[in-house]
Amino acid sequence: MFENLTDRLSQTLRQVTGKAKLTEDNIKDTLREVRMALLEADVALPVVKDFVNRIKERAVGTEVSRSLTPGQAFVKIVQAELEEMMGAANEELTLNVTPPAVILMAGLQGAGKTTTAGKLAKFLKERKKKTVMVVSADVYRPAAIKQLETLANDIGVTFFPSDISQKPVAIAEAAIKEAKLKFIDVVILDTAGRLHIDAEMMGEIQALHAAVKPAETLFVVDAMTGQDAANTAKAFGDALPLTGVILTKVDGDARGGAALSVRAITGKPIKFIGMGEKSEALEPFHPDRIASRILGMGDVLSLIEQAEQTLDKDKADKLAKKLKKGKGFDLEDFRDQLQQMKSMGGLGGLMDKLPTMGGVNLSQMGNAQTVAEKQFKQMEAIINSMTPAERRDPDLISGSRKRRIALGSGTQVQDIGRLIKQHKQMQKMMKKFSAKGGMAKMMRGMGGMLPGGGMPRM
């Protein structure tokens, strides 16, 4: 996410950070680079012009000249303006209405409305402790109704059945009536999409909106369409009183133009971003954290939140107690660490939120991530091919056992030896941490996915 933009801006701002004095000339050069980086990221031209002008006004004023570190002050201005462009702060869903609160999902076909309706239902159920009903008013695509039913069953929320013989308004009204009887907090209404904006589609969704009077009207848009995402959002915003935007497929958008343009063009806040296909891959949109990611400063707050939601605290505490008693860190524990990392979206999901190291090219890092992900899968396969006794005591693994494990995991004998060596190194690290009494703290704070504060050497 934002790889290209982060690469360009990081390089540009690194040149100015160490300057003892900022003049109009060196600010001018930096701003030209910032402008080019944003245009290449497919940010809308009027948004870029406004952004650059605001930075220039603040940078050539007293704000920078009075600072002891003008270069750093300039970077702070860029960060603040990025946050302002994207909406200053996260805007939560407004659900404080007489139940059920109706959330109407609008958008073009293929933007990911139905999948997002499922993700939002899971988010509200697990994070906001709401009872949720999902219903599809897409009478043109029977597959969309079936898809929503499958998602509802997987997530464990109520599904209200509908079929193509019904009218969208009748479906919505019946669902709300049922939700009232069942004391359901939130009804998520999935609507029909089209391949392009047309008068008939807008008329239908306007009638639906008037009938159900939703608490939230969310426009779902594919981030990978760049500037078009912002323009489509504006067209929907002109037809409907939108309350917010959900950007989908953000993990596939290396440019980030949509995230930077949507708020400025529509005036509507981005409330969520979709970061993958899994049902939990929906994150509240925090402009300050996204600005930090774009500038290569990472997003540690989101990483901690993700760790708290996805990691098994009982396992972490159990391991901490085990190590305190002097029992070793065995291969079962090693496998648990790999699985915990996977539950947080693997290396890619973690690296996206960690600060980038000075001078490191993100696209090269992406290649390293791919190699590391493959090695992690291989390590898990090797451990799974061992007997419980071998996992508890790797010293049992003789040459003949290594051959058996290699055959079972589809690897080479030397791969087994390498894994055992890596495990021994991690065992030593764990001993140090348990001796210092910082093990439980480290496991909770870092989620246990980077034991010893770093990756196992590959």
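The model is predicted, so local features need pLDDT of at least 70 and side-chain atom pairs count only at pLDDT 80 or more, while totals for chains, interfaces and linings use all residues. Residues are numbered from 1 along each chain as its sequence is written, and side-chain values use heavy atoms, with hydrogens and water left out.

Let us begin with the whole chain. The protein chain holds 21 helices and 8 strands; these are DSSP runs numbered from the N terminus, with helices (H or I) of at least four residues and strands (E) of at least two. Of its 458 residues, 49% are buried, meaning under 20% relative accessible area with a 1.4 Å probe and protein chains only. Among contacts (heavy atoms within 4.5 Å) with a separation of 6 or more, 74% join residues 24 or more positions apart.

Now to the helices. Two packed helices are described by the angle between their axes and the distance between the axes. Helix α8 (residues 168–181) and helix α9 (residues 199–212) have axes that come within 9 Å and cross at roughly 25 degrees. That makes α8 roughly parallel to α9, a term for angles under 35 degrees. Axes here are lines fitted to C-alpha atoms over the stretch in contact, and angles run from 0 to 180 degrees between N-to-C directions. On the α8 side, the contact is made by Pro168, Val169, Ala172, Glu173 and Ile176, and on the α9 side by Glu204, Ala207, Leu208, Ala211 and Val212. These residues divide into 8 nonpolar, no polar and 2 charged; Ala, Val, Leu, Ile, Met, Phe, Trp, Tyr, Cys and Pro count as nonpolar, Asp, Glu, Lys and Arg as charged, and the others, Gly among them, as polar.

Finally, look for the rings. There are 2 aromatic pairs, counted when ring centres of Phe, Tyr or Trp (its six-membered ring) lie within 6.5 Å. The ring centres of Phe123 and Phe272 are 5.0 Å apart with planes at 80 degrees, so this pair is edge-to-face (over 60 degrees). Phe123 sits in helix α6 (residues 113–126) and Phe272 in strand β7 (residues 270–274), 149 residues apart. Both Phe123 and Phe272 are buried.

In the other pair, the rings of Phe219 and Phe236 have centres 4.6 Å apart and planes at 40 degrees, so the pair is tilted, neither under 30 degrees (stacked) nor over 60. Phe219 belongs to strand β5 (residues 216–222) and Phe236 to helix α10 (residues 227–239). Phe219 is buried, with a relative accessible area of 1%, and Phe236 is buried at 0%.

Note on methods: Parallel < 35°, antiparallel > 145°, perpendicular 65-115°, else oblique. Buried < 20%, exposed > 50% of the residue type's maximum accessible area, 1.4 Å probe, protein only.
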